[in-house]
Amino acid sequence: MKKPALVINSLLLLSAASCTPTITENKPNVLLIMADDMGYECLSAYGSTSYATPNIDQLASVGVRFSNCVSQPLCTPSRVKIMTGLYNHRNYDYFGHLNTNQYTFGNLMQDAGYATCIAGKWQLNGAYHKDEIPDWNDNTKPNQFGFDEYCLWQLTKPGSEGGRYAHPLIEQNGQVLKTSAEDYGPDIFSNYILDFMERHQEKPFFVYYPMVLVHDPFVPTPDSEDWANETLRNKNDTAYFKDMVAYTDKIVGKLTDKLKELNLYENTLVIFTGDNGTHPTIYSKLATETIQGGKGNTIDAGTHVPLVISWPKAIKKGFTYENLIEFSDFFPTLADIAGKAVEVDGKSFYPLLTGENNEVRETAFVHYDPQWGKNVNRYRNQFVRTLDYKLYQDGKFYNLTQDRLEKHPLNTDSLSQNERQIRTKLEQELEKHPRLSSN
């Protein structure tokens, strides 16, 4: 596979280099939590009847519940996009890799004077492509991307060498941790964050927590009955998925309780989202329908993820936001919080959080090309959508309100005048981006 040209956002880098820290005591802390493989249908705040997520629901009740957050369909594409604010066709070169020429929100917040930490899933060093990426085993990459401290799974040790759950293989600030069969990865990551927040409570901090939950294998948690039997701790069964969702929610509660204990909760922006849709083997019930996970696919179930944001100091009353948000929007929102001017593809939703007028995002764009590697030919696609309609690069056009599963593309000859206008608008938006070549 030919390595695509990488794009460096020179305006952004120049802006970062020319700015000095602008921290004041009034700047909010930021805790960004991103679950792994969790679609919107996994939270009771979104009407799920399969799972109970009271801690996340509480954040939604006092903050903002975003009804239509659009991610990428897979982990690395989403992580590269959310961390840089750029569409994948501008800076994505290999699956499991973030090139060190990129400027991330870790760099952004660090340059603004924040103490920064990342804990959880990394998988961005390029270990899947050792022949093409010479620095794949550089354990300082999280530091290069702006994080003062890290506690991570899949940094220089690929997942094949050690798992993320029972007896995990974790690297912390340059060292491989000694763990036992009694240790549970999500507890190690969340406890590290608790300690980081306590140590930095006098200074604004930015914590990025890309969780390892609820990705497969679907195995028992310490709260599962089968955890007591050590031989069952690596048993892979979708029956444990409900326990994994519950443990995700438990960790969110543990983190928010710590913020309250430290008297930091009021002025901390707590963000909870998912990196892509749920695994296709998982079926989740809403009040009136059952949703099959769509991870890896560009249908709604592959890109429709939860987004809940709490910030009591600024958001005085909880509400639901129905319009579009996409993953490129997080970076400019954090830039507004940090007081930095940036040039990226996303659109800041900071004015929405502070009660100012917020210009609605009319379309969302997804360029999905996982770049698996040589001789690997897997699904990829490109689309642009409004809230109700979606157009793919091959011309297929869907009414999402009537056909969420995208089984019946609209006949061009049968479109209403309004639908023709929407299609034309989406065609014009697609033309702004380089198209994927055919497989």
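The axes of helix α7 (residues 185-199) and helix α8 (residues 241-261) come within 10 Å and cross at roughly 10 degrees. This is a predicted model: local features need pLDDT of at least 70, side-chain atom pairs count only at pLDDT 80 or more, and totals for chains, interfaces and linings use all residues. Residues are numbered from 1 along each chain as its sequence is written, and side-chain values use heavy atoms, without hydrogens and water.

**Helices α7 and α8**
- α7 and α8 are therefore roughly parallel (angles under 35 degrees).
- The crossing of α7 past α8 is right-handed (the near helix is turned clockwise from the far one by less than a right angle).
- On the α7 side, the contact (heavy atoms within 4.5 Å) is made by P186, D187, S190, N191, I193, L194, M197 and E198.
- On the α8 side, Y247, I251, K254, L255, K258 and L259 take part.
- Eight residues of this contact are nonpolar, two polar and four charged.

**Residue T386**
- T386 lies in the loop between β14 (381-385) and β15 (389-392).
- The T386 side chain reaches the backbone nitrogen of D388 at 3.3 Å.
- Not counting residues up to four places away in sequence, T386 touches L324, E362, T363, I422 and L426.

**Helix α10**
- Helix α10 (residues 330-338) is largely enclosed by the rest of the structure, because eight of its nine residues are buried.
- Those buried residues are F330, F331, P332, T333, L334, A335, I337 and A338.
- G339 follows α10 and has a positive phi, near 80 degrees.

Technical notes: Axes are lines fitted to C-alpha atoms, for helices over the stretch in contact, and angles run from 0 to 180 degrees between N-to-C directions. Helices (H or I, at least four residues) and strands (E, at least two) are DSSP runs, numbered from the N terminus. Angles under 35 degrees count as roughly parallel, over 145 as roughly antiparallel, 65 to 115 as roughly perpendicular and the rest as oblique. Ala, Val, Leu, Ile, Met, Phe, Trp, Tyr, Cys and Pro count as nonpolar, Asp, Glu, Lys and Arg as charged, and the others, Gly among them, as polar. A polar contact is a pair of N or O atoms within 3.5 Å; within protein, one must be able to donate a hydrogen and the other to accept it, and residues adjacent in sequence count only if both atoms are side-chain atoms. Buried means under 20% relative accessible area, exposed over 50%, partly exposed in between (1.4 Å probe, protein chains only).
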